[in-house]
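Please have the sequence and the model at hand while reading.

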Amino acid sequence: MADALVGPWLRATVTVGGMFASVAMFSALLASNARLPSALAEDGYFPRWMARRSARRRVPVVCVVGSSVTYAVFCLSSFGNLIIVDVFLTDITVPLEVAALIALRGREPEPERPYAFPAAPSPSRSSPPA
C-alpha cells in the first residue's frame with residue numbers, strides 16, 4: 001500500500017519501522033514476563049535460584065532466559081494452536097485472580113487504600129435534558 005501511495009522508499013521505511021516496533025514489543029514482553037517469576041521467587045513462592053540476578057545490571061537472568069526459551073518454543077507452533085493456548089491460559093488465570101481477590105478480601109477486609117477515585121456526582125433530576 002505504501003508503495004502504491006508514495007513509492008518504494010516509503011515501503012522500505014514502513015518495513016524497517018515495523019521491524020523496530022516488533023523488536024521493542026518483544027523486549028517489553030520479555031521484561032514484563034520475566035518480572036513475575038522473579039518477584040515470586042524473591043517472595044519464596046518459586047525456587048530461590050530463579051531470583052538470581054546479574055551482578056552488573058541486576059537483571060533476573062534465569063527468568064529472562066526462561067521467558068525467551070518459552071517464546072522460542074511457542075514460535076514453533078501454528079497460529080491456531082497459539083490462540084488455543086492463549087484462551088486456555090486466560091481461562092485458568094482469570095478464575096485464579098478472582099479467587100486470590102476473594103481470599104485477600106477475606107483475610108484483610110480493610111487494607112490501607114492510599115489511592116481512591118473521587119465519587120461521581122449524581123445526576124440532577126430537576127433540569128430536563130437539553
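## Salt bridges

R113 forms a salt bridge with E110, and the closest N and O atoms of the pair are 3.9 Å apart; the term salt bridge stands here for a side-chain nitrogen of Lys or Arg within 4 Å of a carboxyl oxygen of Asp or Glu. R113 has a relative accessibility of 43% and therefore counts as partly exposed, whereas E110, at 67%, counts as exposed. These classes rest on relative accessible area, with buried meaning under 20%, exposed over 50% and partly exposed in between, computed with a 1.4 Å probe on protein chains only.

The structure holds two salt bridges, and another pairing joins the side chains of E42 and R53, at 2.8 Å from N to O. Because E42 lies in helix 2 and R53 in the loop between helix 2 and helix 3, this pair ties together parts that are 11 residues apart in sequence. E42 is partly exposed at 33% relative accessibility, and R53 is partly exposed at 26%.

## Basis of the model

The model is predicted, so local features need pLDDT of at least 70 and side-chain atom pairs count only at pLDDT 80 or more, while totals for chains, interfaces and linings use all residues. Residues are numbered from 1 along each chain as its sequence is written, and side-chain values use heavy atoms, with hydrogens and water left out. Helices (H or I, at least four residues) and strands (E, at least two) are DSSP runs numbered from the N terminus.

## The largest pocket

The largest pocket has a volume of about 400 Å³. Of the 14 residues lining this pocket, N33, P37, S67, T70 and Y71 are the closest to its centre. A pocket is an open set of points on a 1 Å grid over the protein atoms alone, where a 1.4 Å probe fits, with protein on both sides within 12 Å along at least five of seven lines, and lining residues have an atom within 4 Å of a point. The volume is the space filled by probe spheres set on the points, which are joined across faces, edges and corners.

Helix 2 (8–42) and helix 3 (61–75) are the elements that give two or more residues to the lining, and the largest share, seven residues, comes from helix 3. The lining divides into nine nonpolar, five polar and no charged residues.

## S67 in helix 3

S67 has its place in helix 3 and counts as buried at 10% relative accessibility. Leaving aside residues up to four places away in sequence, S67 touches L30 and N33, where contact means heavy atoms within 4.5 Å.

Conventions. Nonpolar A, V, L, I, M, F, W, Y, C, P; charged D, E, K, R; others polar.
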